[in-house]
Amino acid sequence: MAGQQHPTPDVLSARLGYLLKHAHARLAGDVAEALEPFGIDGHELAVLVVIAGEDPLSQAELAGRIGVDRSTMVTLVDGLEDVGLVERRRSAQDRRRNVIVPTDEGRDRMRRAEEARGRAEQAFLTPLGAGEAAVLRSALRRLVSGEP
């Protein structure tokens with residue numbers, strides 16, 4: 001586990017925002033530590049995962065899928081391109097449009113980093129057990145989507 005744990009003050013232990021914030025911070029630290037050997041962070045891994053599983057996307061489409069602004073996406077793609085994990089290419093469907101595609105090294109690093117991320121996430125969820133972890137994921141998906 002990354003970072004040091006501190007006891008939750010009783011006055012805050014019932015506040016959902018406090019609990020979500022600190023659970024996220026702990027998970028983010030654990031995942032960052034797991035991804036460190038691969039030289040990428042969680043945002044960069046998200047880019048690789050999305051472009052590996054989709055039809056080729058433009059930077060703007062990719063930004064929308066991941067939920068970051070366009071200037072952040074430019075920075076992410078530039079960094080991944082600089083280390084040879086992605087390429088900008090002309091779209092086969094529309095030559096005026098550039099798309100982002102993973103390189104072979106990008107696909108390989110994504111696969112290995114995604115396995116490490118999954119192990120870190122699983123370790124984070126261990127106190128819940130498989131059933132409670134599944135319920136948590138389902139509940140969070142509903143909260144994020146806003147649908148019952």
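Helices (H or I, at least four residues) and strands (E, at least two) are DSSP runs, numbered from the N terminus. The model described here is predicted; local features require pLDDT of at least 70, side-chain atom pairs count only at pLDDT 80 or more, and totals for chains, interfaces and linings use all residues. Residues are numbered from 1 along each chain as its sequence is written, and side-chain values use heavy atoms, with hydrogens and water left out.

The chain contains six helices and two strands, arranged from the N terminus in the order α-α-α-α-β-β-α-α. Along the principal axes, the C-alpha atoms fill a box of roughly 60 × 35 × 30 Å. The accessible surface of the chain (Shrake-Rupley method, 1.4 Å probe; for residues, only the protein chains shown count as cover) amounts to about 9700 Å², and carbon and sulfur atoms account for 53% of this surface. Of the 148 residues, 28% are buried, where buried denotes under 20% relative accessible area, exposed over 50%, and partly exposed the range in between (1.4 Å probe, protein chains only). Contacts are defined by heavy atoms within 4.5 Å; among those between residues at least 6 apart in sequence, 48% join residues at least 24 apart.

Strands β1 (residues 86-90) and β2 pair in the antiparallel sense over five bridges, pairing being assigned if DSSP finds at least two bridges between two strands. Within this pair, V86 stands opposite P102 of β2. Strand β2 (residues 98-102) is mostly covered, with four of its five residues buried.

A nonpolar core is a set of buried Ala, Val, Leu, Ile, Met, Phe, Trp, Tyr and Cys residues joined through side-chain atoms within 4.5 Å. The largest such core comprises 25 residues, and I40, L48, L62, M73, L80 and V86 have the most contacts inside it. Two or more residues are contributed by each of α1, α2 (42-52), α3 (59-66), α4 (70-82) and α5 (104-125), the largest share, five residues, coming from α2. When residues up to four places away in sequence are not counted, M73 touches V47, Q59, L62, A63, I66 and V68.

On the surface, L16, L20, L128, L136, L140 and L143 form a nonpolar patch with about 520 Å² of accessible area together. Helices α1 (16-35) and α6 (129-145) are the elements that give two or more residues to this patch, and α6 gives the most, with three. Patches consist of residues with over 30% relative accessible area and no salt bridge, like charges being joined within 9 Å and nonpolar side chains (Val, Leu, Ile, Met, Phe, Trp, Tyr) within 5 Å. L140 lies in helix α6 and counts as partly exposed because its relative accessibility is 35%.

Side chains of opposite charge can pair when their charged atoms come close. The structure holds eleven salt bridges, each defined as a side-chain nitrogen of Lys or Arg within 4 Å of a carboxyl oxygen of Asp or Glu. In helix α5, R109 and E105 lie four residues apart, about one turn of the helix, and their side chains meet in a salt bridge (3.2 Å, N to O). R109 is buried, at 17% relative accessibility, whereas E105 is partly exposed, at 35%. D108, partly exposed at 28%, forms salt bridges with R111, at 2.9 Å between the closest N and O atoms, and with R112, at 3.1 Å. A network of salt bridges links D108, R111, R112 and E115.
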